[in-house]
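Me: Please walk me through reading the side-chain features of a model such as this one. I would like the general idea of each feature, and then the case at hand.

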Amino acid sequence: MRIFVAGAAGAIGRLMVPALVQAGHDVVGMTRSPGHVDTIRQLGAQPVVADVFDREQLETEVLRARPDCVIHQLTSLGNRDFAANSRIRIEGTRNLVDAALKAGTRKMIAQSIAWAYEPGPSPAAEEVPLDLDAPLPRQGTIQGVAALEEEVSRMPESVILRYGMFYGPGTWFEQNEWMAEQVRLGQIPAQDGITSFVHVEDAARAAVLALDWPPGAVNIVDDEPASSREWLPVYADLLGAPAPTYEPGSPRGERGALNTKARQHYGWQPIYPSWRSGFAENLK
């Protein structure tokens, strides 16, 4: 297939593009930064520079590529700018879908999140509704996610990958990144809310496999949803950081997610089935 990857130089893209190339696909990798062109070329893809908010520029590049599938992995989370990330989900996704439809592309695979479900007592399957009635500030995140998923559904075929919390290379959970620094400073309390994690390698593999998946949303999370009372002390210990304090309570929507659909029906098998082994491997 000819595949257009938006966000080819991101944490997922850098792992996904080589896998797509190795599988025999012809890959065009988009970045908004000219400084990433050489990286994308080294990954085996044809690099293009385009801003997802520049409709004309984006349309030109997608029309030139004429892809069979567009993989949407665009985010703006490096500096924790959540407003910019919501803009990408809303406006950027609309522009990308419009360009793909004009190019005659049939399929889009898009990055969403697995912690946007409405509150509940147990980890959520894909049929659980999104938390559309969430109060601020969570409401902004949910609106962005809902807009992204609605826009992508305009494609003839679309797969929504609802990823768990990323960890591994290029994420906040690396040794010297934001989460690690906050934990070392004792700024992150352990709470009762449930998180579902996914290693970036497993996230990238899911996107490659999704080329053959039917339309719909799929949770891409590991096998062990856990409260931060469980995972945070383990993470802190691996960092050599102080044990976290405990703060009772659970932020809205922190219920975790189930991977039954991806694992049992679509054949996705994570390399890191638990954050326990994943943290230990990546922080050793």
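**Charged pairs and nonpolar cores**

Reply: E230 is partly exposed, with a relative accessible area of 36%, where buried means under 20%, exposed over 50% and partly exposed in between (1.4 Å probe, protein chains only). The model is predicted, so local features need pLDDT of at least 70 and side-chain atom pairs pLDDT 80 or more, while totals for chains, interfaces and linings use all residues. Residues are numbered from 1 along each chain as its sequence is written, and side-chain values use heavy atoms, with hydrogens and water left out.

Me: Which residue does E230 meet in a salt bridge?

Reply: A salt bridge is a Lys or Arg side-chain nitrogen within 4 Å of an Asp or Glu carboxyl oxygen. The partner of E230 is R276, at 3.9 Å from N to O, and the pair links distant parts of the chain, since E230 lies in helix α8 and R276 in helix α10 (residues 275-282), 46 residues apart. R276 is likewise partly exposed, at 37% relative accessibility. Helices (H or I, at least four residues) and strands (E, at least two) are DSSP runs, numbered from the N terminus.

Me: How many salt bridges does a search of the whole structure find, and is E151 buried or exposed?

Reply: The search finds 20 salt bridges. In one of them, E151 meets R94 at 3.8 Å, N to O, and this pair too connects distant parts of the chain, with E151 in helix α5 (residues 138-152) and R94 in helix α4 (residues 82-102), 57 residues apart. E151 is buried, at a relative accessible area of 16%, whereas R94 counts as partly exposed at 33%.

Me: What is the setting of the salt bridge between E281 and K284?

Reply: Their side chains meet at 3.3 Å, N to O; E281 is partly exposed at 39%, and K284 is exposed at 76%. Elsewhere, salt bridges that share partners join R55, R94, D98, E151 and R154 into one network.

Me: Which residues touch the most other members of the largest nonpolar core?

Reply: A nonpolar core joins buried Ala, Val, Leu, Ile, Met, Phe, Trp, Tyr and Cys through side-chain atoms within 4.5 Å. Of the 33 residues in the largest one, V5, L20, L161, Y163, W213 and I220 touch the most other members. The elements that each supply at least two residues include β1 (2-6), α1 (13-22) and β6 (157-163), and the largest share, six residues, comes from α7. A second, separate core of 25 residues includes A6, A65, I88 and L148.
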